[in-house]
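Here is my note on this model, for a colleague who has not seen it before. Please read the points with the structure open.

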Amino acid sequence: MSSRRRLPLEEAFLGFVTREPMHGYNLHQRVEDELGVIWYMGMSNIYGALKRLEQAGHVESTLRLQEGRPPRKVYRITPAGRRSFLDWVRRPIPTMRDIRVEFLAKLYFFRALGLEGAEELIVAQEPVCRERVERLEQSAAQCAPHEFNRLVYDFRRRQIEAILDWLQFCREEVVP
């Protein structure tokens, strides 16, 4: 049974087409070149995500003719898509396991698009992490001294404390 996290592909695509209209293969290349360090995305994921975005009214497409080749669908963001993207990029991540992919993608788009609000996102993420640390401490306190679950809670708590330390580093990097 896999509990793999859905990558924020649709949101990332909105971020890329915010810069300029793009076709599917170009989007794949951009994600691979610019976000490949945090996740892998296969070509098969692209067209389904673009179809969902188009059905939701977040992007619109036009056909661009090519000499000697089939026409290409080029996608551009709509005002509704821009609102959706900006709402996503400014919202803290509720689950700690998604920090590694989704939070980093958000920081990337703040920088790449020159958006205001990166520091506010970082500040908003900190209490989410602190609240999770408190819950883990409470859970560990209810365990017997040598119970295995206590080790698990401690491990998770220390991971989140490392994330909090890293968020402080991010704040210093974002606002020198």
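1. Burial comes up throughout, so the cut-offs come first: a residue is buried under 20% relative accessible area, exposed over 50% and partly exposed in between, with a 1.4 Å probe and protein chains only. Y108, at 18% relative accessibility, therefore counts as buried. Of the 176 residues of the protein, 39% count as buried.

2. A word on the source. This is a predicted model, in which local features need pLDDT of at least 70 and side-chain atom pairs count only at pLDDT 80 or more, while totals for chains, interfaces and linings use all residues. Residues are numbered from 1 along each chain as its sequence is written, and side-chain values use heavy atoms, leaving out hydrogens and water.

3. Overall layout. The protein has seven helices and three strands. Both kinds are DSSP runs numbered from the N terminus: helices are H or I with at least four residues, strands are E with at least two. Read from the N terminus, the order is α-β-α-α-β-β-α-α-α-α. The C-alpha trace spans about 70 × 45 × 25 Å along its principal axes.

4. Surface. The accessible surface comes to about 10,700 Å², and 51% of this belongs to carbon and sulfur atoms. These areas come from the Shrake-Rupley method with a 1.4 Å probe; for residues, only the protein chains shown count as cover.

5. Charges. There are 28 positive and 25 negative side chains, and the centres of the two sets lie 6 Å apart. Lys and Arg count as positive, Asp and Glu as negative; His and the chain ends are not counted. The place of a charge is NZ of Lys, CZ of Arg, CG of Asp or CD of Glu.

6. The sheet. In what order do the three strands form the open sheet? The order is β1-β3-β2, with antiparallel pairing. The edge strands, β1 (22–23) and β2, each pair on one side only. Two strands pair if DSSP finds at least two bridges between them.

7. Bridges in the sheet. Two bridges join β1 to β3. H23 stands opposite V74, and M22 has Y75 as its bridge partner. Seven bridges join β2 (residues 59–66) to β3 (residues 69–77). In that pairing L63 partners K73, and Q66 stands opposite R69.

8. The hairpin. Two residues lie between the strands in the hairpin of β2 and β3. There G68 takes a positive phi near 75°.

9. Aromatic pairs. Rings of Phe, Tyr and Trp (its six-membered ring) pair if their centres lie within 6.5 Å; planes under 30 degrees apart are stacked, over 60 edge-to-face, and the rest tilted. The count by this rule is six aromatic pairs. The F16 and Y108 rings have centres 6.0 Å apart and planes at 45°, so this pair is tilted. The pair links distant parts of the chain: F16 lies in α1 (residues 9–19) and Y108 in α5 (residues 99–113), 92 residues apart. F16 is buried because its relative accessibility is 0%.

10. F85 is buried at a relative accessible area of 0%, and W88 is buried at 3%. Ring pairs link F16, F85, W88, Y108 and F109 into a cluster.

11. H58. Not counting residues up to four places away in sequence, H58 touches L14, L53, R76, I77, T78, A80, G81 and S84. Contact means heavy atoms within 4.5 Å.

12. Contacts across the chain. Consider contacts between residues at least 6 apart in sequence: 57% of them join residues at least 24 apart.
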